[in-house]
Amino acid sequence: MQVQTHRVEGTQEKTWKFSDIIGDPVVEARWEKVRRYFFLRESTYDMTNRCNIRCDGCYYYEGAKQFAHENGNPANWRHLMKDEKARGITYVVLAGAEPSLAPELCQVCFEEMPLGAIASNGLRPIPGSINYRIHISVWGDDETSLRVRKAKDMLVRQIANYQGDPRAVFVYTFTRDNIDQIHGVIEVLARHRCKVTLNVFSSPVGYNGPLRHTLQSLSRTRKTMMALISQYPENLLFSPYSAVAHTHMVGLHGLYSCSYPRMNTSTAIGLGRSFRQYRADLTWDRGAACCVPDTDCNDCRHYAAGSAVVTARLFRHASDPDTFKSWLDYVDTYLAVWVMGYEKDVNLCDHMVAPPGHDLPED
Amino acid sequence: MTHPNDISKIIVRIAEIMIDELKLEDVTPETFDPEIDLIDEVGIDSMDLATIALVLRDEYGIVIDEDDYPKLNNIRLIAEYIQKRVDEGKQG
């Protein structure tokens, strides 16, 4: 097999060396910036089986993990974190069902593992001593939240808890029926100087409800994302390539071949080797292990999945300058979303680029 | 460019690239054990291997398939892989 080539329109095919691609000082600087974080090795943890709201299409309350007996003993969690560190884990994601209901366990995790993120609905503040990124889930405007999440005034309460908090990133999840609501939501978040990133609803296994995307809703989502990137450069952590990867008619697994254990049988290297998804009873099951268990893999467009799966495909993106810049933008975005203290730079590629081996998504 | 048929030279060149790219300390290209397990003993992970694969692509004009990374867990195996691919390229 020979090196990849790239056809420049109207010219013969050009073969790009990696050294030529990073010969551009701006590209090289960004490459050096992101590669410093290649040491990150993640696992995820359900902190409790409790939640203070109940959302339609919730991943936690699907499958077997919801029935795990809760281990609320901080000493057990501290022991687990020490063991995790010993086997090479450097980054933790504290997720289901609602980690803010178990702050003492989150505190223990932070004391043992300094890098991580917490996925929260944002209705209950997490103590400032836990210096992880906090991802606050937003699923539309307050009218929609009341209908889908059965909670009143969610955005107002989330902003009241996290405005001005450098840990906070608001994660807006596009479902099929809330696409246009982002405009009002992000305007409010921007006014309160909150950071925002974008996610795409990915159906749990067996879910065929009204939140599931269609080709048309993916297309509308993509156009909306591209408009927002231009409109909110100060607030929005996102890139054109993020829009492509997460709204393509082919899901993340089809585009990049998911490297989480649930879809990857190799235990030799990478996520297949090190990633675990712990339930609230501190057990884990390799066959179910991925960043958002019980997602329908064919419909998976999660921001959390892409952060690992797109990033892992470094080699195939080093085919030409635009594709590599797009990958750098994606990784720069993911690091800003997930790592405390990491600041996103301006995107290097301002237009959509096709994923390697695929076409651009159709409008 | 290293002559691709000389496996010992390829081994030393790969060691040089690894030391340089991954900022490895306390080892030289000459003392880097080509049989040492890069993943278990050196602590190299998939992103490191992808970075090395890009530099090797430039140097030898061959692609290391992402699916092959798990098999390439020491420098000798990488060198043999490169040699095989270079030979295939010549025959092709």
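In chain A, 71% of the contacts between residues at least 6 apart in sequence join residues at least 24 apart, two residues being in contact if their C-beta atoms, placed from the backbone, lie within 7 Å. The model is a predicted one, in which local features need pLDDT of at least 70 and side-chain atom pairs count only at pLDDT 80 or more, whereas totals for chains, interfaces and linings use all residues. Residues are numbered from 1 along each chain as its sequence is written, and chains are lettered from A and ligands numbered from 1 in the order in which they are written.

The secondary structure of chain A comprises 14 helices and nine strands, taken as DSSP runs (helices H or I of at least four residues, strands E of at least two) and numbered from the N terminus. The radius of gyration of chain A is 20 Å, close to the 21 Å that the globule rule gives for 363 residues, so chain A is as compact as a globular protein of that length; this radius is taken over C-alpha atoms, and the rule is 2.2 Å times the number of residues to the power 0.38. The C-alpha trace of chain A spans about 65 × 45 × 40 Å along its principal axes. Of the 363 residues of chain A, 49% count as buried, that is, with 20 or more other C-beta atoms within 10 Å of their own, against 12 or fewer for exposed residues and values in between for partly exposed ones, C-beta atoms being placed from the backbone.

Helix α9 of chain A (residues 240-247) is mostly covered, with eight of its eight residues buried, among them A:Tyr241, A:Val244 and A:His246. The elements that cover the buried residues of α9(A) include β8 (196-200), α8 (215-231), α10 (252-256), α12 and α14 of chain A.

The axes of α12(A) (residues 303-312) and α14(A) (residues 321-338) come within 10 Å and cross at roughly 145°, where axes are lines fitted to C-alpha atoms, for helices over the stretch in contact, and angles run from 0 to 180 degrees between N-to-C directions. The crossing of α12(A) and α14(A) is left-handed, the near helix being turned anticlockwise from the far one by less than a right angle (clockwise for right-handed). From α12(A), A:Ser307, A:Val310 and A:Thr311 meet A:Tyr330, A:Val331, A:Tyr334 and A:Trp338 of α14(A). By class, this contact of α12(A) with α14(A) has five nonpolar, two polar and no charged residues, with Ala, Val, Leu, Ile, Met, Phe, Trp, Tyr, Cys and Pro counted as nonpolar, Asp, Glu, Lys and Arg as charged, and the others, Gly among them, as polar.
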